[in-house]
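My entries are below the display.

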Amino acid sequence: MSEPTDSRSSDDESDGEEGKRAPDPERVTSEVRLSGYAVASGTALGPAWYHPPISVDIDTTPLPSDAASDEEARFMQAVDRALSELKTVVDLAQNRLGRESASIFEAQAMILRDETLLQAVRDRIHMHDEHASAAVHAVLKRHRTRLEESDSQYLQERAADLRDTEHRLLRALQHREMPDTKRRHGIVVADTLSAADIIRFSQGNVLGCVSATGGPTSHAALIARALELPTVMGATNLPDHVNDRDWLLLDGSTGEVVVRPSTETRVAFQDHEASQADNRAARSAGPLYTADGTRIQMLANVEFADQYRVLAAQGAEGIGLLRTEMLFMMQSRKHLNEEVQYEQYAAAMDVLADDQPLTIRLLDIGGDKTEPATGPEMGSFLGLRGIRVLLGRPDLVEPQLRAIVRMSEQRAVRMLLPMVTTQAEVVAIHDRIDEVVDAVGLAERPANLKIGIMVEVPAVALQAEQFAEDVDFFALGTNDLTQYTLAAARNNAEVAHYADALHPAVLALMRQTVRAAQHADIPVSICGEVASDPVAVPVLLGLGIRTLSMAPPFIDRIRSVVAQIDCAEAETLAKEACAARDAKSVRTLCTEWQHAQGITQ
């Protein structure tokens, strides 16, 4: 039997000796299944290629007192080399993905040009008699540690940018080049993958990537998704189970990695892929209906312009959540003006049909999304965040409002307000919008402009009927609604197991929101991660939700589940779920219900 390959044909040719890891005779040679974060969807089957970490030396011996000036000069030369290397990565990213994704690497260049950081290194060289490598390590480690010790997974993964910058500088000090990645053919296996690694691997015939560390909000993950490169990160005990050239099967939609898949597993994989290919086109074409004929709208959550081009192919019927935070984070504020934002929204509009919604969420910064001037509560989920920040920062919100208002002159646009807690906040934003309408020279607010709120604070769900009087639609943000309801920060590993959106208390808040929307005759969608959970979807439909919005890679799978559901039966399931004891009971109930209904995923 010939070795099977996926659609990204594997080429099992030699890649030389560099980076190879000798097989360990003590390791098991039978099939092993590992799990990690589902980072970038798609499947891949091919040989493993180990990408080793680059060793760098840190000279901790005392620097001779008369050598400080020469060491400073050597450091600054290394900065220039690191910037030159980074420019190569920026150019490659821009050619492959466009300016927006390239901005991730430009942000690292800004770190290398940061005079405060550079001066801190120079001071350590002169005042502490340190070699440049030790000074670089000490300065960047201090900043990195603050991020790594944060309770926020987002901030922890931003530390990867500093770690990558440190490695780049240390390599430059030692005149070590970036490792060759062009000859890789197969599935890359690594302890850690940076965004630069991903973009450079994409030059070759790489089928997919799997790493022992990292997570779904890392820059490496964002690049992998933009490149549509199947990727799993945080695969537990990965280095203990994989030898070079072991065959791997990875599923970037589920986070599963199969090491040395058996013949039966490979055949099952090929049969499944063939079946999925036959059904994918039919599922993604045309409107979606449940088994009993109920119309369900499938929208996409997007954050990169690079995702726009694949929305239709992935079955999206519009954009249910355009996150603008990444645009903000990857541009300096002086460049994030009204025109830049208008161009970004216009690019999204261009890929949508006239009847497909474009939902733009105002900047949701604070909490786990950083912005330098949000004050001392920067890491707090219960502090200054979302609409609270925007109402006090006209320099942030007004350019965005102007761009959206101008866009709504052309066609329908939905503006989504983040982290609303009180009706007074909604009224204040309405007033700001009216001021902007007058400022851009319009006689009245465009009829195409609809205003909605994220329902992600329990207070809003409990007062949903009152909020429905002031807005045009609701969007259930179940990630935050869950953590606030259950007092469990979703990025805190110690309590993350509590934060399950299928907890009956969270379901009750969803049900109350849906009923208020139905009573006011306004649309309600769900855009939290639970919308992409196939176990949860029947309950969501049973609660009365008819619009689901999720990351594009999950749409195809959820469409398949939705098409098998009878909404009348799902209503009964939802009632039972709301009366259950806890989230575990609900998940068991849902799994047994789907099995009884014959629903496959």
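This is a predicted model: local features need pLDDT of at least 70, side-chain atom pairs count only at pLDDT 80 or more; totals for chains, interfaces and linings use all residues.

Entry 1

Entry 2. I looked up helix α16, which spans residues 478-486. Seven of its nine residues are buried, so the rest of the structure largely encloses the helix. I listed the buried ones as T478, D480, L481, T482, Q483, Y484 and L486.

Entry 3. Which elements do the buried residues of α16 pack against? I found the strands β14 (449-455), β15 (473-476) and β16 (524-526), along with the helices α14 (458-462) and α17 (504-520).

Entry 4. I took the pair α16 and α17 separately. Their packing angle is about 125 degrees, and the axes lie 9 Å apart. I recorded their crossing as right-handed.

Entry 5. On the α16 side I listed T478, L481, T482, T485 and L486, which meet A505, V506, L509 and M510 of α17. By class, this contact has six nonpolar residues, three polar ones and no charged ones.

Entry 6. I checked the backbone just after α16, where A487 has a positive phi of about 50 degrees.

Entry 7. I moved to E71, which sits in helix α1 (residues 68-97). Is E71 buried or exposed? Its relative accessibility is 7%, so I count E71 as buried, the cut-off being under 20%. The side chains of E71 and R74 are joined by a polar contact of 2.9 Å. Leaving out residues up to four places away in sequence, I found E71 touching L63, I125, E130, H131 and A132.

Key
Residues are numbered from 1 along each chain as its sequence is written. Side-chain values use heavy atoms; hydrogens and water are left out. Buried means under 20% relative accessible area, exposed over 50%, partly exposed in between (1.4 Å probe, protein chains only). Helices (H or I, at least four residues) and strands (E, at least two) are DSSP runs, numbered from the N terminus. Contact means heavy atoms within 4.5 Å. Axes are lines fitted to C-alpha atoms, for helices over the stretch in contact, and angles run from 0 to 180 degrees between N-to-C directions. A crossing is left-handed if the near helix is turned anticlockwise from the far one by less than a right angle, and right-handed if clockwise. Ala, Val, Leu, Ile, Met, Phe, Trp, Tyr, Cys and Pro count as nonpolar, Asp, Glu, Lys and Arg as charged, and the others, Gly among them, as polar. A polar contact is a pair of N or O atoms within 3.5 Å; within protein, one must be able to donate a hydrogen and the other to accept it, and residues adjacent in sequence count only if both atoms are side-chain atoms.
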